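This briefing is intended to be read beside the sequence and the three-dimensional structure. Please keep both in view while going through the points.

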Amino acid sequence: MRSALIVGDLQAGILDNYPFTKAVVPPVTELLPRARAAGALVVFVRTAFRANGADLAGEVFAAFYRAGDLFHEGSPGTEVALEVTADDVVVLKRRTSAFAGTDLDLVLRARGVDSLALTGVATSAMVAATLYDASDRGYRLTVLRDGCADQDPAVHELLVNTVFPSRGAEILTCAEWPAPSRTSGARTAPR
């Protein structure tokens, strides 16, 4: 089994403007070197819309777009806020799911990935949408509860305690992942 760690929407503008997101930064930051050392592929997913709005669909996306440069492609607010290494992959998305309209599935399949650990914000948006897409595509799923956050803590708890397990996801903390059985099997496996 080959694993990937998906880090969704932990980008400068989101972390700077949505206070609930800051809680996930320490556990995810601590997890990144361990995940890499275990041989997991680290994938950062970030959201950005074209400056002319050509890729907007629906009021939710339009509201994010109207937030200003925070979500405009090419602006500093759309850059990944955590350290990205040369072996990591960065995927640009324009919808809620990390799979919708992106090459994420292609990258994962090319690397032989069949198991995903999900982190990011918001639990009820990016994490949930990506989990549903990944489940439909046959990936084994783990959600790292302290690596996700939602503006409404009750919604976060409902999703990680009830909804995600009902979709077959294992729920762990960032400190509990990765276990050797969830990665390529070697602590220093090549990518």
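Predicted model: local features only at pLDDT ≥ 70, side-chain atom pairs only at ≥ 80, totals over all residues.

Residues are numbered from 1 along each chain as its sequence is written, and side-chain values use heavy atoms, with hydrogens and water left out. Helices (H or I, at least four residues) and strands (E, at least two) are DSSP runs, numbered from the N terminus.

**Largest pocket**

- The largest pocket holds about 360 Å³ of space.
- Its lining comprises 21 residues, and those closest to the centre are D9, F64, V121, A122 and A125.
- Two or more lining residues come from each of α3 (58-66) and α5 (123-136).
- By type, the lining has 12 nonpolar residues, 5 polar and 4 charged; Ala, Val, Leu, Ile, Met, Phe, Trp, Tyr, Cys and Pro count as nonpolar, Asp, Glu, Lys and Arg as charged, and the others, Gly among them, as polar.
- A pocket is an open set of points on a 1 Å grid over the protein atoms alone, where a 1.4 Å probe fits, with protein on both sides within 12 Å along at least five of seven lines; lining residues have an atom within 4 Å of a point.
- Grid points are joined across faces, edges and corners, and the volume is the space filled by probe spheres set on the points.

- T123, M126, V127, A128, A129, T130, L131 and A134 are the buried residues of α5, where buried means under 20% relative accessible area (1.4 Å probe, protein chains only).
- The cover over these α5 residues includes β1, β3 (89-93), β4, β5 and α6, contact meaning heavy atoms within 4.5 Å.
- Helix α6 (residues 153-166) reaches 19 Å from first to last C-alpha, close to the 20 Å expected.
- At L159, α6 bends by about 40°; the bend is the angle between axes fitted to the seven residues ending there and the seven starting there.
- H156, L159, V160 and F164 are buried in α6, and the buried residues of this helix pack against α5, β5 (140-149) and β6 (170-172).

**Backbone geometry**

- Most residues other than glycine have a negative phi, and most peptide bonds are trans.
- V121 and A122 are joined by a cis peptide bond with omega of about -5°; A122 belongs to the loop between β4 (115-121) and α5.
- Another cis peptide bond, with omega of about 0°, joins W177 and P178, and P178 is in the segment after β6.
- D9, in the loop between β1 (3-8) and α1 (12-17), has a positive phi near 65°.
- D9 counts as buried because its relative accessibility is 7%.

- Q11 sits in the loop between β1 and α1 and is buried, with a relative accessible area of 0%.
- Although Q11 and T78 are 67 residues apart in sequence, their C-alpha atoms are 5.7 Å apart.
- G13 is part of helix α1 and counts as buried at 3% relative accessibility.
- Leaving out residues up to four places away in sequence, G13 touches Y18, L70 and G77.

Note on methods
Expected span 1.5 Å × (residues − 1). Buried < 20%, exposed > 50% of the residue type's maximum accessible area, 1.4 Å probe, protein only.
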